[in-house]
Amino acid sequence: MKLMIAIINHEDTENVEKHLREAHIYLTKIASVGGFLEKGNTTLLIGTDRVDEVVGIISKYSQKRKIKKPIIPFNEFASLTPQYIEVEVGGATLFILELQEFRKI
């Protein structure tokens with residue numbers, strides 16, 4: 001039995017969750033916020049032996065996309081007009097941990 005911790009973009013949450021539930025993969029959903037972009041994410045906690053199937057579903061329905069993030073340069077010669085950098089968001093971050101014990105009570 002594994003504990004999968006999947007962090008996905010909030011825009012992909014509904015689609016990923018729908019397909020996991022259709023596959024009878026049970027999960028706990030937690031709202032979270034990313035540290036770099038400070039945008040909404042969803043953290044899914046999944047206890048399963050079907051790791052490859054879960055990874056496949058999450059991979060298929062978590063889309064990567066590029067966005068522009070404003071940055072303010074930190075030097076005395078910079079103007080106050082924000083500059084932008086392009087960053088990739090979406091996809092998923094998965095942590096797969098071995099469980100010593102699992103109880104559903």
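Predicted model: local features only at pLDDT ≥ 70, side-chain atom pairs only at ≥ 80, totals over all residues.

Visitor: Thanks! What order do the strands of the open sheet have?
Guide: There are four strands, in the order β2-β3-β1-β6, and the pairing is antiparallel. At the edges sit β2 (28–33) and β6 (92–98), each of which pairs on one side only. From one strand to the next, the twist averages 20°.

Visitor: How many bridges join β1 to β6?
Guide: Seven bridges link strand β1 (residues 2–9) with β6. To pick out one spot, I7 has T93 in β6 as its bridge partner.

Visitor: And which helices pack on that sheet?
Guide: Helix α1 (residues 13–22) packs there and touches β1, β2 and β3, with its direction making about 15° with that of β3. Helix α2 (residues 51–61) packs on the sheet too, touching β1, β3 and β6, and its direction makes about 0° with that of β1.

Visitor: New topic: N41. Where does N41 lie?
Guide: N41 lies in strand β3.

Visitor: Is N41 buried or exposed, and why?
Guide: N41 counts as buried because its relative accessibility is 19%, and the cut-off for buried is under 20%.

Visitor: Which residues is N41 in contact with, leaving aside its neighbours within four places in sequence?
Guide: I7, I8, N9 and H10 are among them, and so are I30, A31, S32, V33 and G34.

Visitor: Last one, the second largest pocket. How many residues line it, and which lie nearest its centre?
Guide: The lining has 13 residues, with Y26, L27, G47, F102 and K104 nearest the centre of the pocket. The space in this second largest pocket is about 280 Å³.

Visitor: Which strand gives the most to that lining?
Guide: Strand β3 (residues 40–48) does, with four residues.

Visitor: And what is the lining like by class?
Guide: Seven of the lining residues are nonpolar, four are polar and two are charged.

How values were computed:
Residues numbered from 1 in each chain as written. Heavy atoms only, no water. 1 Å grid on protein atoms, 1.4 Å probe; cavity = no way out; pocket = protein on both sides within 12 Å on 5 of 7 lines; lining within 4 Å. Points joined across faces, edges and corners; volume = space filled by probe spheres on them. Helix = DSSP H or I, 4+ residues; strand = E, 2+ residues; numbered from the N terminus. Nonpolar A, V, L, I, M, F, W, Y, C, P; charged D, E, K, R; others polar. Pairing = 2+ DSSP bridges. Axes fitted to C-alpha atoms, helices over the stretch in contact; angles between N-to-C directions. Contact = heavy atoms within 4.5 Å. Buried < 20%, exposed > 50% of the residue type's maximum accessible area, 1.4 Å probe, protein only.
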